[in-house]
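Subject: Handover of a structure for your review

Dear colleague,

Please find below the structure that I am passing on to you. A summary of the findings follows it.

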Amino acid sequence: MQAPAELNLICYQGANFDYTLTWNSGGTPVDLTNYDARMQVRTSAEGTAIYLNLTAGTGITLGGTAGTIYLEADAATTSGIGQGSYSYDLELISEAGYVTRLVNGTFLVDPEVTE
């Protein structure tokens, strides 16, 4: 089992959030066909409130053989997240049910000035 990569993300409150990453193993993209994915943003790993909840098909698009993972949230969604520093992780679930925490880190929400 490999430790998850540390990846800190910045979200601009009230603007569309999008980020693309690629899962590689030994320099080769991992085939994400038949995978599921989930990502949650909370105040901390122990926090109970979920400020952003993305899943495959709802905010996460998996790129099959390319190994890409596209994360997105619209401006209306990000405007509802208060400024500050949050924790998140992104998990991928194989067809057999094996869960891999690919990345985790800080999800920083930069405050909106113009509304």
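Does Asp89 count as buried or partly exposed, and at what relative accessibility? The model is a predicted one. In it, Asp89 has a relative accessibility of 22%, so Asp89 counts as partly exposed, given that buried means under 20%.

Salt bridges

Two salt bridges are found in a search of the whole structure. In one of them, the side chain of Asp89 meets that of Arg101, with an N to O distance of 3.6 Å. This pair links distant parts of the chain, since Asp89 belongs to strand E10 and Arg101 to strand E11, twelve residues apart. Arg101 is partly exposed, with a relative accessibility of 40%.

Glu91 and Arg38 also form a salt bridge, and their closest N and O atoms are 2.6 Å apart. Here too distant parts of the chain are linked: Glu91 is in strand E10 (residues 84-93) and Arg38 in strand E6 (residues 36-42), 53 residues apart. Glu91 counts as buried because its relative accessibility is 17%, whereas Arg38, at 38%, is partly exposed.

In soluble globular proteins, nonpolar side chains tend to be buried together. The largest nonpolar core of this model has 26 residues, and Ile60, Ile69, Leu71 and Leu90 are among those with the most contacts inside it. Strands that each supply at least two residues of this core include E8 (59-62), E9 (68-73), E10 and E11.

Beyond its neighbours within four places in sequence, Ile69 is in contact with residues including Tyr19, Trp23, Leu32, Ile60, Leu90 and Leu102.

Strand E9 is paired with E3 in the antiparallel sense through six bridges, and Glu72 in E9 is the bridge partner of Asp18. Three bridges join E9 to E8, again antiparallel, with Ile60 opposite Leu71. E8 and E9 form a hairpin with five residues between them, and Gly64 in the turn has a positive phi of about 55 degrees.

The surface

A nonpolar patch on the surface is formed by Ile10, Tyr12 and Leu108, which together have about 280 Å² of accessible area. Leu108 is part of strand E11 (residues 99-110) and counts as partly exposed because its relative accessibility is 36%.

Yours sincerely

Technical notes. Residues numbered from 1 in each chain as written. Predicted model: local features only at pLDDT ≥ 70, side-chain atom pairs only at ≥ 80, totals over all residues. Heavy atoms only, no water. Patch = residues over 30% accessible without salt bridge, like charges linked within 9 Å, V, L, I, M, F, W, Y side chains within 5 Å. Areas by Shrake-Rupley, 256 points an atom, 1.4 Å probe, with all protein chains shown as cover. Salt bridge = Lys/Arg side-chain N within 4 Å of Asp/Glu carboxyl O. Helix = DSSP H or I, 4+ residues; strand = E, 2+ residues; numbered from the N terminus. Buried < 20%, exposed > 50% of the residue type's maximum accessible area, 1.4 Å probe, protein only. Core = buried A, V, L, I, M, F, W, Y, C linked by side-chain atoms within 4.5 Å. Contact = heavy atoms within 4.5 Å. Pairing = 2+ DSSP bridges.
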